[in-house]
Amino acid sequence: MATLATKLAPPPTKEHVSVARLARYWYAACRSRDLHRKPQARTVIGVPLVLFRDAAGRAGALLDRCPHRNIPLSMGRIAASGNLECGYHGWQFDGEGRCRLVPGLQGSENGEARGRRVAAHATRERDGFVWVWGEPDVEPACEPPAFAAAPGPGYATIVRVLDFPGTLHATAENALDVPHTAFLHRGLFRGSGERNEIRAVVRRGPDRVEAEYIGEPRPEGFLGRLLAPQGGVVEHWDRFVLPSIAQVEYRLGSENHLLVTSLCTPLDDFTTRMYAVVAFRLRLPTALIRPLVTPLAMRVLRQDAAVLRAQTETVRRFGGEQFVSTEIDLLGPHIWRLLRDAEAGSLPAADGTGELAVVREVRFQA
Ligand code: FES
Ligand SMILES: [Fe+2]
């Protein structure tokens, strides 16, 4: 007979939580248009940063803490000099974090001094985003990824920003997970009609994993019908690229192309900001797509955010996670392996051109 003690023992759970902290990568920290006259507070992989545009229009990213008295520099303002001015005593810093002025201090003691420097993160502006390198005071050897750009002329683009209460791994898996769409988003995207057999091929490269779905009929939910009213078979890829890009691509014939690129920036271990860049070229007029598709897509994303919140709360309540995967959890385990290996530094440096090798073929119902 079980004792009271065994009855009350918590269910077995690994203490492990799939959190990887990857500093040596570029992250989207804000949209370029967010940087006007006011400094902006942003957190990237747990590091509080202040972003601002200097006199030359360059984006700067400094640790959001004045070295003088620990005031967030984001509470300050941009001085006429173009430097970032602390709101407490007015020390001024340039985009490289050098102190340029200590108001009231006489003579040669003023300005630059090593102890007055603020840690600075390299920045780049590309495709409408300010990208920040995760490690301070380093000049990166590579450039930010080109994924946020429209794939060519004739595409319309919609950008939406949403915070997901989940780890980077959980958020990226969710963005690329097909089986949940028939349940969590029932009727919106899939799940309103017959389930169909689909073949999927999973391919791995040094910095990425992707699934190609072959023979997939146009999804039967409302969004699927809207995007491909004539029906037919779609070409579909889901891909994850280190450290934080989740991309879903649909093609229907030569005319219809939809590319949803989610730049997932971990704010901290359990919050991931998603910059969703939706680029599309469809037979339907863009003027129709925006008002019809955007609210539905946002509803889908809010359903995902709610489920990620519940997942995160459950992992925390149980003191760790439990993952039991089957072969139709196509990408989640690969995403975790990529993140874990990158954190351990055991992946070869990726230049985005590495060969993809088939690692699995699966048939399933979706
Ligand atoms: S706290 Fe920033 S200048 Fe004093
Ligand atoms: Fe979803």
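In which sense, right-handed or left-handed, does α2 pass α5? The crossing is right-handed. The points below refer to a predicted model throughout.

1. Helix α2 against helix α5. Helix α2 covers residues 168–175 and helix α5 covers residues 332–344. The two pack at an angle of about 145°, and their axes are 9 Å apart. On the α2 side the contact consists of His 169, Ala 172 and Glu 173. These meet Gly 332, Ile 335, Trp 336 and Leu 339 in α5. By class, the residues of this contact are four nonpolar, two polar and one charged.

2. Helix α2 against helix α4. Helix α2 also packs on helix α4 (residues 286–317), here at an angle of about 140° and with the axes 11 Å apart. The crossing of α2 with α4 is right-handed. From α2, Ala 170, Thr 171 and Asn 174 take part, and from α4, Asp 304, Leu 308 and Gln 311. The residues of this contact divide into two nonpolar, three polar and one charged.

3. Division into domains. The protein chain is split into domain 1, residues 26–136, and domain 2, which is made of residues 156–345 + 353–365. Taken over C-alpha atoms, the centres of the two domains are separated by 35 Å. Eight residues from domain 1 and seven residues from domain 2 form the contact.

4. The side of domain 1 that touches domain 2. Which elements give two or more residues to this side? They are β1 (26–31) and β2 (40–44). Strand β1 gives the most, with three residues. By class, this side of domain 1 has six nonpolar and two polar residues, and no charged residues.

5. Strand β4 and its burial. Strand β4 spans residues 59–63 and is mostly covered, with five of its five residues buried. Two strands pair with β4, as set out in the next two points.

6. β3 with β4. Strand β3 (residues 47–53) runs antiparallel to β4, and five bridges join the two. The hairpin of β3 and β4 has five residues between the strands, and in it Gly 57 takes a positive phi near 85°.

7. β4 with β9. Strand β9 (residues 120–126) is also antiparallel to β4, and two bridges join them. Ala 61 has His 121 as its bridge partner in β9.

8. The four-stranded sheet. Strands in the order β5-β6-β7-β8 make an open sheet with antiparallel pairing. Why is one side of β5 and of β8 left without a neighbour in the sheet? Both β5 (77–78) and β8 (99–101) stand at the edges, and each has a single partner strand, so one side of each has no neighbour there.

9. β7 with β8. Strand β7 (residues 92–93) pairs with β8 over two bridges, in the antiparallel sense. In this pairing, the bridge partner of Gln 92 is Leu 101 in β8.

Conventions:
Residues are numbered from 1 along each chain as its sequence is written. Chains are lettered from A and ligands numbered from 1 in the order in which they are written. This is a predicted model: local features need pLDDT of at least 70, side-chain atom pairs count only at pLDDT 80 or more; totals for chains, interfaces and linings use all residues. A residue is buried if 20 or more other C-beta atoms lie within 10 Å of its own, exposed if 12 or fewer, and partly exposed in between; C-beta atoms are placed from the backbone. Two strands pair if DSSP finds at least two bridges between them. Domain bounds come from an automatic or database domain assignment. Two residues are in contact if their C-beta atoms, placed from the backbone, lie within 7 Å. Ala, Val, Leu, Ile, Met, Phe, Trp, Tyr, Cys and Pro count as nonpolar, Asp, Glu, Lys and Arg as charged, and the others, Gly among them, as polar. Axes are lines fitted to C-alpha atoms, for helices over the stretch in contact, and angles run from 0 to 180 degrees between N-to-C directions. A crossing is left-handed if the near helix is turned anticlockwise from the far one by less than a right angle, and right-handed if clockwise.
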